[in-house]
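Q: I'd like a close look at one part of this protein, with the cut-offs spelled out as you go. Here is the model I have in mind.

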Amino acid sequence: MQCDSEQGCVLPKSQQPHSAKPSHLNAADVVFVTDPICSHCWAIEPAWRRLNCNFSFTTRYIHGGLLPSWQGFGDAGNGISGPLDVIPHWQQVAAHYQQPIDPSVWRTDPITNSYILCKAALVARQLQPHRESDFVRFMREKIFLLAINLSDEQKLLACVAEFGFDVDTFQSLLHSASISSLFLREQQEMLALGARGFPSIIFLSQFPERVVGSASYVALERALLLQNNHKVKPLQLTDEQKLLRYPSWTLKEATEVLQCTNQQARELLNALNFNHSIIAQGDFWQK
């Protein structure tokens, strides 16, 4: 597995997809190919939130599966072939993009696979489609900020309960044939779009444009407006309205979305009664 800012987290050659026409995608302006443990998907959150606060568009998520297991996985030539190899990579991502990350999970209780987390995201979609992205964000906070190994099913189910889903219903769906089939379809859709890794953000039109890796806000906005012939509606939100769209914020996310200083972001989040804490050596606010 190779990970860098330009390409994101790229699958080993043995798992890389081949381009083909997608046949199952639901209608959407944007397709976001992602994985709950992808560090570059976490790093792009500030720019992605800014785009969502500035424009109204529809998004279809594909949870493609970054880590099937550690057995036989990885590419030693590219630096990641086992859990401990992920630690310096996550440290580099945190330092470069200023998104706080605690990489200690890879030393103390390593994540064994992300397929179960992709399936969990699909269960959330089945139960409450409008909360799918919220649940993925909730899982990411547990993984990147609190260093919790959610591939451990008991810890995943504790996360599910805290989020507010019925645990028994969720667990039953998690292991169902329907979710396994849906996950396979997600992977097929990823292949059809020619996505090699995570994140891959595809702006759909007659000639789709793919933005990969930890792209800047400027790159995302350009692709959105270009592919939609400037027909996407801009949102006219106040700073307060932008912050209240999400229940939690890192400092980098708030300053990127508001285009303000650290101090201005801190003051506004505090004024809106977000609770502040220091997590993973970074500022974090949540309702």
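Leaving aside its neighbours within four places in sequence, which residues is M139 in contact with?

A: Quick ground rules: this is a predicted model, where local features need pLDDT of at least 70 and side-chain atom pairs count only at pLDDT 80 or more, while totals for chains, interfaces and linings use all residues. Residues are numbered from 1 along each chain as its sequence is written, and side-chain values use heavy atoms, with hydrogens and water left out.

Now to M139: once neighbours within four places in sequence are set aside, M139 is in contact with P36, L117, A120, A121, L150, L156 and C159 (contact means heavy atoms within 4.5 Å).

Along with W106 and F135, M139 has the most contacts inside the largest nonpolar core, which has 59 residues. A nonpolar core here is a set of buried Ala, Val, Leu, Ile, Met, Phe, Trp, Tyr and Cys residues joined through side-chain atoms within 4.5 Å; buried is under 20% relative accessible area, exposed over 50%, and partly exposed in between, with a 1.4 Å probe and protein chains only. Helix 5 (residues 115-127) gives this core its largest share, eight residues. Helices (H or I, at least four residues) and strands (E, at least two) are DSSP runs numbered from the N terminus. Apart from that core lies another one, of 19 residues, including F57, I201, A215 and L220. In soluble globular proteins, nonpolar side chains tend to be buried together.

Back to W106, which also has an aromatic side to its story. The rule: rings of Phe, Tyr and Trp (its six-membered ring) pair if their centres lie within 6.5 Å, with planes under 30 degrees apart called stacked, over 60 edge-to-face and the rest tilted. That gives 15 aromatic pairs. One of them joins W90 and W106 edge-to-face, at 5.4 Å centre to centre and 80° between the planes. Because W90 sits in helix 3 (residues 83-97) and W106 in helix 4 (residues 105-108), the pair ties together parts 16 residues apart in sequence. W90 is buried at 2% relative accessible area, and W106 counts as buried at 2% too.

Helix 8 (residues 167-174) holds L173. Not counting residues up to four places away in sequence, L173 touches V123, L127 and I179. L173 and L127 are 46 residues apart in sequence, yet 9.4 Å apart in space, C-alpha to C-alpha.

For the whole chain, there are 13 helices and 12 strands, and 53% of the 287 residues count as buried. Of the contacts with a separation of 6 or more, 72% are between residues 24 or more positions apart.

How far to trust all this? Mean pLDDT (the predictor's confidence in each residue, from 0 to 100) is 90 for the protein chain, and 89% of its residues reach 70 or more. Residues 16-21 fall below 50, although this stretch has 16 contacts in the model beyond near neighbours in sequence. Where pLDDT is low, the predicted coordinates should not be read in detail.
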